[in-house]
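The sequence and the model are shown first.

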Amino acid sequence: MWPVLAVLLSIVNGQIVLANSAINDQVDVFFGTENGGNVFPGPARPYGMVKMGVDVLDAKGGSAYSGYSPDGRINGISMMHESGTGGAPQYGVVAQLPLVGDVDLGSQQTIERSSPDSGSVGHYLVNATNGVTAEFAAADRAGIYKYTFPSGTTPSVLVNGSHHLSAPTRPWWTQYFVNGSLSTSSEGKYTGSTTIKGGWGEQSPWTIYYCGDFETAPSSINAFSGSQRFNSSTVSSSIQDGSFGFLFTFPEGTTSISSRVGISFISTDQACRNIENELSGYQIEDTVAETVKKWNTQVFGKVDIETDNSTLLEYIYTALYGAHLLPSNRTGENPYWSSTEPYYDDFFTIWDTFRCLNPLFNILSPSRGADIVRSLIDTWRNDGYTPDARSANQNGRTQGGSNSDIVMADAYAKNINDGINWEDGFSAMKKNAEVTPEYVYDPKAPDASNKEGRGALPDWLKYGYVTRAYTRSVTRTMEYAYDDFALSVVAKGLGYTSDAAKYLKRSTNWKNIWNPEATNSSVSYKGFVQPKNADGTFNGTNYDPLSCNNCYWTDDEYEGKPVEYVWAVPHDISSLVDLMGGNDSFSQRLDDMFALHGQGFADIGNEPSFLTPYLYNYVNAQHKTVELIRYLVNTKYSPGASGLPGNSDAGAMQAWLLFGLFGFYPVAGTTTYLLSSPFVPKTTFNLENGNTVEIVANNLSDTNFYVQSVQINGEDWNKNWFSHEDLFENGGTITFELDSQPIVWETGDVPPSPGHTNS
């Protein structure tokens, strides 16, 4: 049950709605920051390159993946972070740290909090035990700091050019400082560059350039490199020397200091221009106001909610916020090639986002969805492959398939074409499907390259499945099938009949690892996906359909058990129903996945099971979908810092929550949406094309959530699904009639299985 809290509301046409001015107050930037959620709480703009935040040492979890932890010592407030990602921390570069009194530059400098951090959309504040208050705000490629120092002290700001996040619990994936240099003027303007390598994607050395200044001129500037301290306007360092930078000290008694910093992947000159273009002065309030405006116009204003439940309002707008932090828009900041195309980085990772986050973009902001596809295609043109993951302007790592194929098919199927060269797009997809990527050694899975493309492609092309000669054999088989379906979608639309037929046939290859005799004593039914040998026999060594061992890089399945991967064929559910023995058996097996009463087999905190709760719709048992989504939202999510059921995964977990609350869910790579039941009485999507889509839930209450009937665009609707063109091209309305008792109301066709063939 959801608690009802007080919130600023107004009455419009008899309906309770959230006042627009209160939307930002409903965003909890700390939602999902703890308990493994790894959400970034600092100030940022939608898809912003700059994400300013605290970096913490001694975090209880060992690695502060987004820089932030509520405990530990702060050793920098830096300009770049990821949000909600796993593996190992990334970035944490270009930092400042406010200090007072004498500073020992030969030792690690940190500050400690005197109270918990506070943050809101566009603004962040830290109170330190040294009496300093640090506030900061982010533009797109620059940011502003405001420090308030206690009276009677000598204030300083430390700029450490070697600062970066590390991974103490996973040293094999930590980042390393390579080298850097800094220069400054007597007025305190400084420019520099820092080169870093390593990280979860095992990136080659990459360089960030930066430019900073202060509103108040410093009284002295001390350079340091390692343990040496000296007077100089330039300083440099390499990995042998360690930390380097400047200590800017200000006149005793100075109580307020503001600083601006710009970053760039191109040059220090461009970093300085980014300050000039985005920060007119040193007023932090102006930057916050502009950031709030961008969130309202680009994100929050796309969704209007009418409800008297403030917890749901907080969920929706907080989830919208967390879903729009990544990827990073770096158009004009690509250091490797010159192009007029959009450029996005920090796909961390598409394996996490293709299922529902990218489809969310394609509803709320199809122009953004088009830009992302154009960026993927341009990366293929210039870098060889579309990424599955990408950060620091480099591809890597690929967890399963080449799932950028599904991102592109989702846009294509939904008529998102603005500026997209689909001929090139299909060529990029075909390279994934036909060309084995060059081998790049991966110590965690050395069997094949994990940098890009499909590392296990030789098996796929030879056998029609992936054997245990490659790691993640089951995951790769299931995902390669889905990826090939995506190719068939685009090929068919472009008129490539033979390619469409070829890839559609290949999309059925997941059946090659279906073992009708596989079972476990805990269940009464047979039939699971199972690793298969090159000779066509099933490999039973260490195989249990209810286990995936560590579920990691060297296992058969990645972040999901065989019992979970059984369902990973969204394009061909009708075949799965047949293999499982029909509707009743299919439904029974779904009952066991999340077990409303008891221990289930699936984990909604991992992406392979995102779609599974909705699959009851394929056997016209939509009331079970409704019941299960209610259970998962109410028990696996909660407000606050520990509110996510797993890693946010760049906003994927928030996108799943949003669709659950809205009352429908996308089948990625198709035009199909599966109906559940809304959590709020009315949701309005304000589409980019000027139309609106309204979702109305009549008679909704804590007990009245089962669907009795549906109308779409005023017409009675007997299907538990709808198509993109039914609503999101020209606008429209879904009206749910709800009550307290489950019924089978849908009498029409089950959702389509466009990958189904008779072969």
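## Overall architecture

Of the 759 residues of the protein chain, 64% count as buried. The model is predicted. The protein chain contains 17 helices and 33 strands. Its radius of gyration is 26 Å, close to the 27 Å that the globule rule gives for 759 residues, so the chain is as compact as a globular protein of that length. The C-alpha trace spans about 80 × 65 × 50 Å along its principal axes.

Among the contacts in the protein chain with a separation of 6 or more, 69% are accounted for by residues 24 or more positions apart. The chain exposes about 25200 Å², and carbon and sulfur atoms supply 45% of that area.

## Nonpolar cores and an open sheet

In soluble globular proteins, nonpolar side chains tend to be buried together. The largest nonpolar core here has 224 residues, and W656 and F664 have the most contacts inside it. Helix α10 (residues 473-494) gives the most to this core, with 11 residues. A second, separate core has seven residues, including A139, A142, C211 and A271.

When neighbours within four places in sequence are left aside, the contacts of F664 include I363, Y614, F659, I695 and F728. Among the other residues in contact with F664 are Y673, L674, L675, F685 and F722.

F664 falls within β26 (664-666), a strand at the edge of a sheet. Three strands form this open sheet in the order β26-β27-β32, with antiparallel pairing. Both β26 and β32 (721-723) stand at the edges with a single partner strand each, so one side of each is left without a neighbour in the sheet. On average, neighbouring strands of the sheet are turned by 30° against each other, direction ignored. Strand β27 (residues 672-675) pairs with β32 in the antiparallel sense over three bridges. Within that pairing, Y673 has F722 in β32 as its bridge partner. Y673 and F722 are also both in contact with F664.

Strand β7 (residues 123-127) is mostly covered, as four of its five residues are buried. Which strands pair with β7? On one hand, strand β6 (residues 118-120) pairs with β7 in the antiparallel sense over three bridges. On the other, four bridges join β7 to strand β8 (residues 133-138), again in an antiparallel arrangement.

Y124 takes part in both pairings: G119 stands opposite Y124, and F136 in β8 is the bridge partner of Y124. The hairpin of β6 and β7 has two residues between the strands, and G122 takes a positive phi near 90° there. In the hairpin of β7 and β8, five residues lie between the strands, and G131 takes a positive phi near 90°.

## Backbone exceptions

Most residues other than glycine have a negative phi, and most peptide bonds are trans.

| Feature | Value | Location |
|---|---|---|
| Cis peptide bond, L326 to P327 | omega near 0° | P327 in the loop between α3 (310-322) and β20 (328-329) |
| Cis peptide bond, F348 to T349 | omega about 5° | T349 in the loop between β21 (344-345) and α4 (350-353) |
| Positive phi, E202 | about 50° | loop between β12 (190-198) and β13 |

## Two glutamine sites

Q203 lies in strand β13 (residues 203-214) and counts as buried, at 4% relative accessibility. Apart from its neighbours within four places in sequence, Q203 is in contact with Q90, K197, G198, S391, A392, Q394 and G396.

Q588 is found in helix α14 (residues 583-594) and is partly exposed, with a relative accessible area of 35%. Beyond its neighbours within four places in sequence, Q588 is in contact with S524 and Y525. Q588 and Y525 are 63 residues apart along the chain, and their C-alpha atoms are separated by 9.5 Å.

Notes
Residues numbered from 1 in each chain as written. Predicted model: local features only at pLDDT ≥ 70, side-chain atom pairs only at ≥ 80, totals over all residues. Heavy atoms only, no water. Pairing = 2+ DSSP bridges. Axes fitted to C-alpha atoms, helices over the stretch in contact; angles between N-to-C directions. Core = buried A, V, L, I, M, F, W, Y, C linked by side-chain atoms within 4.5 Å. Buried < 20%, exposed > 50% of the residue type's maximum accessible area, 1.4 Å probe, protein only. Contact = heavy atoms within 4.5 Å. Rg over C-alpha atoms; globule rule 2.2 N^0.38 Å. Areas by Shrake-Rupley, 256 points an atom, 1.4 Å probe, with all protein chains shown as cover.
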